[in-house]
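Please read it alongside the sequence and the coordinates.

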2 protein chains.
Amino acid sequence: MTATLGTTSTTKRTPDLGRAVELVSKEEGHRQPLAPEFVSAEDFSPLEVAYDFGKIRREDIEAGPKNIWRYKNLLPVPSNVEEIPNTEPGGTRLVDARNLAKALGVRKLWVKDDTGNPTHSFKDRVVAVALAAAREFGFTTLCCPSTGNLANAVAAAAARAGWDSVVLIPKTLEKAKILTTAVYDGALIAVDGNYDDVNRLATQLAAENETWAFVNVNVRPYYSEGSKTLAFEVAEQLGWRIPEQIVVPIASGSQLTKVDKGFREFGQLGLVEASPYKVFGAQATGCSPVSAAFRAGHDTVQPVKPDTIARSLAIGNPADGPYVLDVVNRTGGAIEDVSDEEVVEGIRLLARTEGIFTETAGGVTVATAKKLIETGKLDPDAETVLLITGDGLKTLDAVEGKIGPLATVAPSADAVREALRNR
Amino acid sequence: MTATLGTTSTTKRTPDLGRAVELVSKEEGHRQPLAPEFVSAEDFSPLEVAYDFGKIRREDIEAGPKNIWRYKNLLPVPSNVEEIPNTEPGGTRLVDARNLAKALGVRKLWVKDDTGNPTHSFKDRVVAVALAAAREFGFTTLCCPSTGNLANAVAAAAARAGWDSVVLIPKTLEKAKILTTAVYDGALIAVDGNYDDVNRLATQLAAENETWAFVNVNVRPYYSEGSKTLAFEVAEQLGWRIPEQIVVPIASGSQLTKVDKGFREFGQLGLVEASPYKVFGAQATGCSPVSAAFRAGHDTVQPVKPDTIARSLAIGNPADGPYVLDVVNRTGGAIEDVSDEEVVEGIRLLARTEGIFTETAGGVTVATAKKLIETGKLDPDAETVLLITGDGLKTLDAVEGKIGPLATVAPSADAVREALRNR
């Protein structure tokens, strides 16, 4: 990492990262100052943000804005973050999913519908935090390698902040995903290679360009903290308590570990009772290295070559895989995986019962919850939350050819009635 | 209208429509009891809901849910509406659009970003209110004729409420719009005809099926009241005050008249100071009957045959056209229209400056605001709000071929730098 404090003219001042105080390595707990670095030089494990929270009260959070900045004192962002141009993600619905609960045979079920974010996925949360932290470190260009949701979120947030953006995508990406990123008018660059090539290129570019913040590379410790806000919102929306069970999709695994971190921090701060909870992980069988490791009782993850329609979860070598296994085992949860057919069924089940149209990742979560209930791993009598993190409008190909009009009829009332009779 | 009180077994009880007390005809003010009717038998003008509000305080609204039901006492819905399964639209962002303000040369600009709603358009607001009122009248099937956003909203809300739905579409509708409606698993029926045929069929079916609520036909007076929540939210989010200028897209014209009604009700109730405001209307030139009437100084609207990419605004014979002219003239606003090229430029301008990707209707609003500023009709020193009512993900064809990657390069840092240099 070459982009460190003081390397550009705009970084002379001390970064204000709120109550964040240092970075800690996940393996051996080595401590180092806050900087745009993501891996420990001591033990080569990922770095995570540590805080000196002091006192944080419910009233202060409740008096904040109706977006993730209400939790600013629990994030590595400046104390005036809500005044700085950025997106305003969060504050999404927690839906009392009575119909889905009935269909799955569980007592009480909630769906956290994160499709309401500015670019319709949870990535807006992590990108907004990454942008706020990157600004403090003096970066001026927001970047990422991506195949979809992240590209949208980075390009949109940079536009709003008045930053340049550089988004790298494999040139084979679907037209819709190209359009939904290009419209924000940053530098969208198609790379003649697969996602692994694009990712390697991003790491190289991050090291070579001191004003470029690759949200999921050199500022990853800050970026990933944004996922905690999913846990914070769920707990606050439940009336300041932690749910007994939560099902989280696994891509890199970062989100799942941060949801756990969010619940623990809320408990430690006395914002909620530190009640026990179980974290469950969801993968598509076509990319299920963490699920396979869990099943085999391993504590490391064997990389795989992804082959699934759930492309936003298709990370064959998930960086936080081992930490996901830690969280799931510690909390008494489980990990399962589901076929692509089950993913589509999951999408349709959620739409049919709750009127929420999710992308394939949400289909994975719903279908995995169903499987966990059927196999007795998820307690149907315990209150459960499903994280629905992305939007069906972005993965229309998953349902194409499987759904359509009931009938095509002549413009007459009789023809409509006839069509309905034959339903 | 045959679907009246007491015609089905579920309608024995008196409908609870909150503080709504009667229907009033818009032309001559004839009063009649609340019922699922939409046109006055006395003067053949549209019926509108009238209320006996009593006292409504800011504190009661602020203590309500973070969605449109916080305004339940100003809507024709039951007093326990938030406990009944329905979608929970509203609570969408009001964005301080500093970059767009600068680009347009205005002092203070806000963008109401209604893409955050459950199915990503303002239609969720009106449909949720229609469903709540329809339930009180004993209807059990939610219906509409539609070419897009309304179809999504009706099918989703019905699914969530556990109702049947019947959605009628022209069979030529784009595949994406068919998929995003069909996924909710109601009765989606493709009709061999154009939108006018579908609309006529809906009116006939509404009259023949006493349990079918066509949201925009037989329960239209209730449905349209949902648009007031856009005005309520804007005023509350501004800190309980009315903006000086607001730009609203015109399809049927209902939304614009209801935004005005919302501001007036808030003023009458003392929830905000009844300060003056100007309402501006936006149309695409390819379907601009209200703009043409305004320009000619007429008080009625000559129907046109729509030909524009802004299909969600393409109503050639807008039902509320004359009332739009009333509101705009009374408040001292104006109406303008913009070409399809300007619509695309408007979409791109909003995305580039604020990171918000809107559908063609939003492009109409942004481009019209630009034109109104350039022609001196909109005061650049007065605070202005733009209503962005739908999502760019639903009208990708509008930008296709016009935007794309900056370059396609080999997977090397040099190639990326070279591409950026040539930008």
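**Notes on the predicted model**

1. In chain B, strand E1 (residues 20–25) is joined to strand E2 by two bridges, and the two run antiparallel; at this pairing B:Leu23 stands opposite B:Gln32 in E2(B). Strands, written E and at least two residues long, and helices, written H or I and at least four residues long, are DSSP runs numbered from the N terminus, and two strands are taken to pair if DSSP finds at least two bridges between them.

2. On conventions, this is a predicted model in which local features need pLDDT of at least 70 and side-chain atom pairs count only at pLDDT 80 or more, while totals for chains, interfaces and linings use all residues. Residues are numbered from 1 along each chain as its sequence is written, chains are lettered from A and ligands numbered from 1 in the order in which they are written, and side-chain values use heavy atoms, with hydrogens and water left out.

3. The pairing in point 1 belongs to an open sheet of three strands in chain B, with the order E2-E1-E3 and antiparallel pairing. Its edge strands are E2 (31–32) and E3 (47–51), each of which pairs on one side only.

4. Chain A likewise holds an open sheet of three strands in the order E2-E1-E3, with antiparallel pairing. E2 (31–32) and E3 (47–51) of chain A stand at the edges with a single partner strand each, so one side of each has no neighbour in the sheet. Five bridges join E1 (residues 20–25) of chain A to E3(A), the two running antiparallel, and A:Ser25 stands opposite A:Leu47 in E3(A).

5. What feature does UniProt place at A:Lys123? The unreviewed entry gives "modified residue: N6-(pyridoxal phosphate)lysine" there, although UniProt annotations, whose positions follow the numbering used here and whose feature names are shortened, may be inferred rather than shown by experiment. A:Lys123 lies in helix H3 (residues 123–136) of chain A and, leaving aside its neighbours within four places in sequence, is in contact (heavy atoms within 4.5 Å) with A:Asn149, A:Leu150, A:Ala153 and A:Tyr223.

6. The unreviewed UniProt entry also places "domain: Tryptophan synthase beta chain-like PALP" at residues 89–390 of chain A. Over that range the chain is 45% helix and 17% strand, with the end C-alpha atoms 13 Å apart.

7. Between the chains, 77 residues of chain A are in contact with 78 residues of chain B. The buried area, meaning the accessible area (1.4 Å probe) that two parts lose on being put together, summed over both, is about 6300 Å² between chain A and chain B, with carbon and sulfur atoms giving 63% of it. Three bridges join strand E14 (residues 407–409) of chain A to strand E8 (residues 187–191) of chain B, and these run parallel; here A:Ala407 stands opposite B:Ile189 in E8(B).

8. Within chain A, A:Arg311 forms a salt bridge with A:Asp397, the closest N and O atoms being 2.7 Å apart. This pair links distant parts of the chain, 86 residues apart: A:Arg311 is in the loop between helix H10 (289–296) and helix H11 (321–331), and A:Asp397 in the loop between strand E13 (384–388) and E14.

Definitions and conventions
A salt bridge is a side-chain nitrogen of Lys or Arg within 4 Å of a carboxyl oxygen of Asp or Glu.
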